[in-house]
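I opened my notebook beside this structure and jotted down what I looked up, entry by entry. Please follow along with the model on your screen.

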Amino acid sequence: MFEGIKNSWDLIKDSIRVFKHYPKFLIPLLVVWLIYAPVILYLEYSFNWDALSVGQIFLFVSGIIFLFAFLLAFSCSVLLELIQQLESGQKMSLIKAFSHTLAHNILKIIPLIIIWTIIWFILFILQAIFSKAEKRKKGSFTAENAAKTLAGYRNLFLSRAFFEGLEKGIRMIIFLILPAIAWENLSFGKALKKGIGVFKTHLSEFVTGFVLTWAAAVIIFLPPAILFYISDQLEPLGISFPTWVWIITIIYTAFAWSYSIYLEQMFTAELYLWHLKWERQIEEEKRLGKPLSKLKDVRRPSVLDEVSDLLEK
C-alpha cells in the first residue's frame, strides 16, 4: 500500500518536472479545450433541446460524448507519440506526432473510443436520473455564467461527485490502454487486455495516482472557485465584477483544465512505461531462475533522462 503511494507520488512529481521542460505537451489539450468550450456554451445557452424527441436527445448526446472521447483519446495519443520521439532521441515535433496518430493509431483507437462513449453515455443517463432534484435554473449567457459553466462551478452534490469520480476513473483506464497501441503497436484486443492487465497489476499505484491527480485538480481550480463564491455573495448587494475579470478566468480555466488532464495522461503513460521496464526485468529473472523483482526494485523511467526505455530489449 505504502509502496504504491510512494511510486505514484514519484510519477506525479516527474510529470510536473516534464511539463516544466516541455510545456508544449499541453498544446494538444488546449486545442481540445478550444473545441470543447464553444460546444458546451452553445449546448448550455443556445441549443433548443425542446425541439428534440427523447430518442433524438439520446442520439445527439451520444454523438457529443463520442466527439469529446475522440478528442481526448487523440490528444493522449499525440502526447504518447511526443514521448516516443524523446525516448528514441528524435527532435520533438507536434506535426509528426499528429500525423503519425492519424496514419497509424486512429483505426485501432476508434473501437476503444466507442466503448468509452457507451460507458460515458450510461454514466450520463444515470447521473441525470439521480440528479433530477438537483437541477438549477439556467441563467442567461453572460461572461460570468460562461466562466462558471466552463469551470464546472456547481453546488456540491454527493451523486454528482460520485459520477464525476467514475468518469475520471474510466478516463484514466482508457489513457492506460492507449500506450499499448501507440508504443507497442498492439491490436485493439491485445491493447485492451494489456492495459487492463497493467491496471490490475498496479492497482495501488493507479488508485493513488487517481487521488493525487484529483487533489491537484482541486488545488488548480481553487482560485476560480473562490472568485465564484465571492461573486455569489456580492450578487444580493448589487455588486459584480467587470467583464475582463471573467475573461481572464475563462483563459485561466482553459489552462487549468488542460493541465489537470495532462497530469492524468502523463501519470498513466509513465506508469505504463515503468511497467514495461519491470516486465522485461522479471522475464529475464524468470529465464535465469532469479527471485522476481517488485516494481519499486526497478529504476523508475523518466522522459527527462538520457535512457531510451522504450528502445530497451
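**Entry 1: contacts along the chain.** I began with contacts, meaning heavy atoms within 4.5 Å. Of the contacts in the protein chain with a separation of 6 or more, 80% are between residues 24 or more positions apart.

**Entry 2: ground rules.** I noted that this is a predicted model, in which local features need pLDDT of at least 70, side-chain atom pairs count only at pLDDT 80 or more, and totals for chains, interfaces and linings use all residues. Residues are numbered from 1 along each chain as its sequence is written, and side-chain values use heavy atoms, with hydrogens and water left out.

**Entry 3: the overall layout.** How many helices and strands does the protein chain have? I found ten helices and zero strands. Helices (H or I, at least four residues) and strands (E, at least two) are DSSP runs, numbered from the N terminus. Along the sequence the pattern reads α-α-α-α-α-α-α-α-α-α.

**Entry 4: overall dimensions.** The C-alpha atoms fill a box of roughly 75 × 40 × 40 Å along the principal axes. I also looked up the radius of gyration, which is taken over C-alpha atoms; the globule rule is 2.2 Å times the number of residues to the power 0.38. For 313 residues, a compact globule would come out near 20 Å, and the protein chain agrees with its 21 Å.

Entry 5: The accessible surface is about 16,500 Å², and 68% of it belongs to carbon and sulfur atoms. Such areas come from the Shrake-Rupley method with a 1.4 Å probe; for residues, only the protein chains shown count as cover. I call a residue buried under 20% relative accessible area, exposed over 50%, and partly exposed in between (1.4 Å probe, protein chains only). By that rule, 46% of the 313 residues count as buried.

**Entry 6: the core.** A nonpolar core is a set of buried Ala, Val, Leu, Ile, Met, Phe, Trp, Tyr and Cys residues joined through side-chain atoms within 4.5 Å. The largest one here has 89 residues, and Phe25, Leu178, Trp183 and Tyr262 have the most contacts inside it. Which helix gives the most to this core? I found that helix α10 (residues 243-288) does, with 20 residues.

**Entry 7: along α10.** The expected span of a helix is 1.5 Å times one less than its number of residues.

- Thr268 lies in α10 and is buried, because its relative accessibility is 0%. Thr268 touches Met172, Phe175 and Leu176, not counting residues up to four places away in sequence. Thr268 and Ile174 are 94 residues apart in sequence, yet their C-alpha atoms are 9.2 Å apart in space.
- Leaving aside neighbours within four places in sequence, Glu270 contacts Leu11, Asp14, Ser15, Val18 and Val303.

Just after α10, Gly289 takes a positive phi of about 75°.

Entry 8: Helix α7 (residues 188-201) has 14 residues and reaches 20 Å from its first C-alpha to its last, close to the expected 20 Å. Ala191, Lys194, Gly195, Val198 and Phe199 are buried in α7. They lie on the same side of α7 because they cover an arc of only 140° around the axis; the arc is that of the directions from the helix axis to the C-beta atoms. On the other side, Lys190, Lys193 and Lys200 are exposed.

Entry 9: Asn185 lies in the loop between α6 (158-182) and α7. Its phi is near 55°, a positive value in a residue other than glycine. Most residues other than glycine have a negative phi.

**Entry 10: Phe74 in α3.** Phe74 lies in helix α3 (residues 54-87) and is buried at a relative accessible area of 11%. Beyond its neighbours within four places in sequence, Phe74 is in contact with Phe98, Thr101, Leu102 and Ile106.
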